[in-house]
Amino acid sequence: MREASARWLAFLDDDDLWAPHRLRSILDALARKKADFGYCAAVSVDEGLRPLMLQPVPAEEPLLRALLQRNVIPGGGSNVVANVSLLEQTGGFDESFSFLADWDMWIRLANRGRPAPVPEVLIAYSHHAGSWVLSGDTAVSQDLTHLIKKHDALSRRCEATVDLVEFDRYVAYSLWLAGRRRKAAQRFLGVARDHRDPASLVRAAVALLERDLVGRVRPAQRRPPGPEWLRRYRASEIARVT
């Protein structure tokens, strides 16, 4: 970000994928809405780039209040395209965060700028054994505490608080999707204990017994087909390897 000279900045983690036309689609939406930052829908994928679940784009209103409750912009740090001047006003990424720097940034962007959501699935968000949630629970919890304290005044003004149950479930599901079933079960048990959530006891048991989250927990909902650009890319990767 410090070296960038263009008007817009886009972020991409090294284990995620963009659609070939993603930047064009978001830049067009930014121009139409005269917005300051844009984002799109995403699909979660496993290590083989097979779709796990679709993550719809959040509405542009009331985005700030929604972000103060949970990180509703899908795709981790790989989603947002933002105006450089807005990034400078908000101070960029807060490097005191270990894992939630993207969520913190999106809150600050939504507080100062106008969003432009694009409903098309233009990101493949990877879940694998090296995902950030596989780091220690202590670091994740410290980041969450830091985020809550940092935005306390804004949260009170918007009458919104972080959904702790949703956050803990998200971490547990992410561990499950990454194939860390025992760790996911432990996290679900923590949700059941800390938030008196009996459904998480069931999820803990299923996490230990079943490998396929999408196919087993919700058998009526098969793996989503995923966007055509992802199917073409995966086919090309398979062909290259074989």
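Is the crossing of α7 and α8 left-handed or right-handed? Keep that question in mind as you start the tour. The model on your screen is predicted.

**Stop 1: two helices**

Select residues 164–177, which form helix α7, and residues 181–195, which form helix α8. Their axes lie 7 Å apart. The packing angle is about 165°. Angles over 145 degrees count as roughly antiparallel, and α7 and α8 are therefore roughly antiparallel to each other. Now for the opening question: the crossing of α7 and α8 is left-handed.

Next, show the side chains where the two helices touch. On α7, pick L164, V165, F167, D168, R169, V171, A172, Y173, L175 and W176. On α8, pick R181, K183, A184, R187, F188, V191 and H195. Colour this contact by residue type.

**Stop 2: strand β6**

Move to residues 115–126, strand β6. Buried here means under 20% relative accessible area.

Now look for the strands paired with β6. Select residues 37–45, strand β3. Here 9 bridges link β3 to β6, and the two strands run parallel. Find Y39: its opposite number in β6 is P117.

Then select residues 17–18, strand β2. β2 is joined to β6 by 2 bridges, and this pair runs antiparallel. Click on W18. Its bridge partner in β6 is I123.

While the strands are on screen, recall a general rule. In a regular strand, side chains alternate between the two faces of the sheet.

**Stop 3**

Most residues other than glycine have a negative phi.

Select K34. Where is K34? It sits in the loop between α1 (22–33) and β3. K34 is not a glycine, yet its phi is positive, at about 50°. With a relative accessibility of 71%, K34 counts as exposed, because the cut-off for exposed is over 50%.

Finish at R196. This residue lies in the loop between α8 and α9 (198–209), so you can trace the chain on from α8 to find it. R196 also has a positive phi of about 50° without being a glycine. Is R196 buried or exposed? R196 is exposed, and its relative accessible area is 77%.

Methods
Residues numbered from 1 in each chain as written. Predicted model: local features only at pLDDT ≥ 70, side-chain atom pairs only at ≥ 80, totals over all residues. Heavy atoms only, no water. Axes fitted to C-alpha atoms, helices over the stretch in contact; angles between N-to-C directions. Helix = DSSP H or I, 4+ residues; strand = E, 2+ residues; numbered from the N terminus. Parallel < 35°, antiparallel > 145°, perpendicular 65-115°, else oblique. Left-handed = near helix turned anticlockwise from the far one by under 90°. Contact = heavy atoms within 4.5 Å. Buried < 20%, exposed > 50% of the residue type's maximum accessible area, 1.4 Å probe, protein only. Pairing = 2+ DSSP bridges.
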